[in-house]
Amino acid sequence: MAELTSVFWSQIMATSLPEWAAVVLALAYVWLAAIENPWCWLCAFVSTALYTWLFWQVTLPFQSALNLFYMVMAVYGYFQWHGNTNTPSRRIVSWSWRRHGVIVPLALLLAWGVSGIAASQFSSDHLQLDASIHLLSMVTTFMVAHKVLENWLYWFFINLASVYLYWQTGLVLTACLFACYVVFSVYGFVRWRQQWKQDHGSEINHHAAQRQA
């Protein structure tokens, strides 16, 4: 245990400044997203720009490409959420479980195919996991931009898988960040669900009042 702790702290101390900056901004992003503050997208843009470079350095091509995609989605997400911090323009919605039951298997099947093709170009033991995280994260980021409630459930499992992936590739601080993300995904889901129920309840009451009138 002492040896493991020593290795952990030595890796933390060896963490580069760009990775520290990326981690801090990524934490700011997920917290601001949970409270529906559109400034989360600026933090996401800068953090993912740093991660695009970092992941390329450790031969995680899908993660690098994913963060390049995140940069584009940060701009898209900001305009989808555009409004002041107290009155975001887009309301939280919920997708049916049938839709999720189609999305997840298709993404995993596509990841299996893509990782097989990429194996001829990249030498990595984690290409299939890398590709699976990549594709599911793309879908989930789209869900965040459109305020789909279940995005937090997707992130819960994606973040667990990411902890393992980043730990195995030596990005220990980033692995710790994604462990924090696991907790944040629970917080985000609870907070968004409360808001969704409140909005949904208001709509039901409004329609009921109209029928009575």
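Q: How many helices and strands does the protein chain have?
A: The protein chain has eight helices and zero strands, where a helix is a DSSP run of H or I with at least four residues and a strand a run of E with at least two, numbered from the N terminus. Read from the N terminus on, the elements follow the order α-α-α-α-α-α-α-α. This is a predicted model, in which local features need pLDDT of at least 70 and side-chain atom pairs count only at pLDDT 80 or more, while totals for chains, interfaces and linings use all residues. Residues are numbered from 1 along each chain as its sequence is written, and side-chain values use heavy atoms, with hydrogens and water left out.

Q: Why does Asp-130 count as buried?
A: Buried means under 20% relative accessible area, exposed over 50%, and partly exposed in between, with a 1.4 Å probe and protein chains only; Asp-130 has 1% relative accessibility and therefore counts as buried. This residue is found in helix H6, and, leaving aside residues up to four places away in sequence, Asp-130 touches Leu-60, Pro-61, Phe-62, Gln-63 and Leu-165, a contact being heavy atoms within 4.5 Å. In the protein chain, buried residues make up 41% of the 213 residues.

Q: What makes the span of helix H5 agree with its number of residues?
A: The expected span is 1.5 Å times one less than the number of residues, so the 22 residues of H5 (residues 97-118) should span 32 Å, and the end C-alpha atoms, 31 Å apart, agree with that.

Q: Why are the buried residues of H5 said to line one face of the helix?
A: The buried residues are His-100, Ile-103, Ala-107, Ala-111, Ser-115 and Ala-118. Seen down the axis of H5, they fall within an arc of 80°, so they line one face, the arc being that of the directions from the helix axis to the C-beta atoms. These buried residues pack against H4, H6 and H7, whereas Arg-98, Leu-106, Leu-109, Trp-112 and Ile-117, on the other side of H5, are exposed.

Q: Which term describes how H4 lies to H6, and why?
A: The axes of H4 (residues 61-81) and H6 come within 9 Å and cross at roughly 0°, with axes being lines fitted to C-alpha atoms, for helices over the stretch in contact, and angles running from 0 to 180 degrees between N-to-C directions. Angles under 35 degrees count as roughly parallel, over 145 as roughly antiparallel, 65 to 115 as roughly perpendicular and the rest as oblique, so H4 is roughly parallel to H6.

Q: How do the residues of the contact of H4 with H6 divide into nonpolar, polar and charged?
A: There are 16 nonpolar, six polar and one charged, with Ala, Val, Leu, Ile, Met, Phe, Trp, Tyr, Cys and Pro counted as nonpolar, Asp, Glu, Lys and Arg as charged, and the others, Gly among them, as polar.
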